[in-house]
Amino acid sequence: MRMFNRLTTRAAAPSVLVAALAPTGQLAAAQSAAGAPAKTSKATAITTCSTAHTRLTVTPVTRPVNHLLLKATNTGTQPCYAYGAPYLRAGADAQAAVAWNDNTVPQAVVTLAPGESAYAGITTSTPEGSEGYTAKTLGVLFSNRAMNGSVGVEKTLQLPSGGIYFDSAATVTYWQDNIDNALFD
């Protein structure tokens with residue numbers, strides 16, 4: 001975290017602190033420490049994204065091979081936070097969620113204004129994977145703020161081409177604000 005120098009005035013320090021902590025998810029604590037109201041008004045409240053107010057699509061991509069692109073578009077009237085990565089269930093009989101790719105953690109939580117989209121890249125299989133199967137559906141849930149569970153109800157999407165091959169090496173990126181970061185991280 002950036003340290004303050006002596007030239008920062010006492011009045012300006014709280015706003016600099018709030019700006020510095022916003023990307024790390026500590027904005028609410030910084031606002032309280034800075035004397036700003038801890039609660040936001042209903043008109044400006046940002047909620048956690050869920051399947052209730054997003055349109056989800058999954059599409060194959062030509063590059064990289066064995067990848068899908070998951071797109072979530074905010075269809076609500078308020079901004080929402082897309083925390084962590086999506087919880088994915090590849091196929092109706094899947095016993096575990098697709099693993100999150102921890103190498104893709106963004107610098108800040110992805111915020112979706114109404115009409116904006118977030119993206120997650122799905123690696124379906126690799127030569128190192130084993131125990132493969134063809135999944136016809138993809139169940140999607142959004143992560144909660146603590147990233148230790150989900151919010152809302154699962155949305156089931158039909159996978160293209162009558163099904164996609166998944167194996168034990170399947171992973172999904174964290175939510176990204178652009179396609180390139182979702183597919184090429």
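**Close-ups of a predicted model**

The side chain of His67 comes to 2.8 Å from the backbone oxygen of Val65.

**View 1. His67 and its surroundings.** You'll find His67 in strand E3, which covers residues 67-74. With a relative accessible area of 15%, His67 counts as buried, because the cut-off is under 20%. Besides reaching Val65, the His67 side chain makes a polar contact of 2.9 Å with the side chain of Thr123. Leaving aside residues up to four places away in sequence, His67 touches Pro60, Val61, Ile122, Thr123, Thr124 and Leu183.

**View 2. Ser130 out in a loop.** Here we look at Ser130, which sits in the loop between strand E8 (117-123) and strand E9 (133-135). Ser130 is partly exposed, with a relative accessible area of 37%. Ser130 and Asp167 are 37 residues apart along the chain, and their C-alpha atoms are separated by 5.6 Å. Not counting residues up to four places away in sequence, Ser130 touches Asp167 and Ser168.

**View 3. A sheet of 3 strands.** This open sheet runs in the order E5-E10-E11, and its pairing is antiparallel. At the edges are strand E5 (87-90) and strand E11 (150-158), each pairing on one side only. From one strand to the next, the twist averages 20 degrees. In general, strands of a sheet pair through backbone hydrogen bonds.

**View 4. Where E10 meets E11.** Strand E10 (residues 137-143) pairs with E11 in the antiparallel sense over 6 bridges. To pick out a bridge, look for Gly139: its partner in E11 is Thr156.

Methods
Residues numbered from 1 in each chain as written. Predicted model: local features only at pLDDT ≥ 70, side-chain atom pairs only at ≥ 80, totals over all residues. Heavy atoms only, no water. Helix = DSSP H or I, 4+ residues; strand = E, 2+ residues; numbered from the N terminus. Buried < 20%, exposed > 50% of the residue type's maximum accessible area, 1.4 Å probe, protein only. Polar contact = N/O pair within 3.5 Å; in protein donor to acceptor, adjacent residues only side chain to side chain. Contact = heavy atoms within 4.5 Å. Pairing = 2+ DSSP bridges. Axes fitted to C-alpha atoms, helices over the stretch in contact; angles between N-to-C directions.
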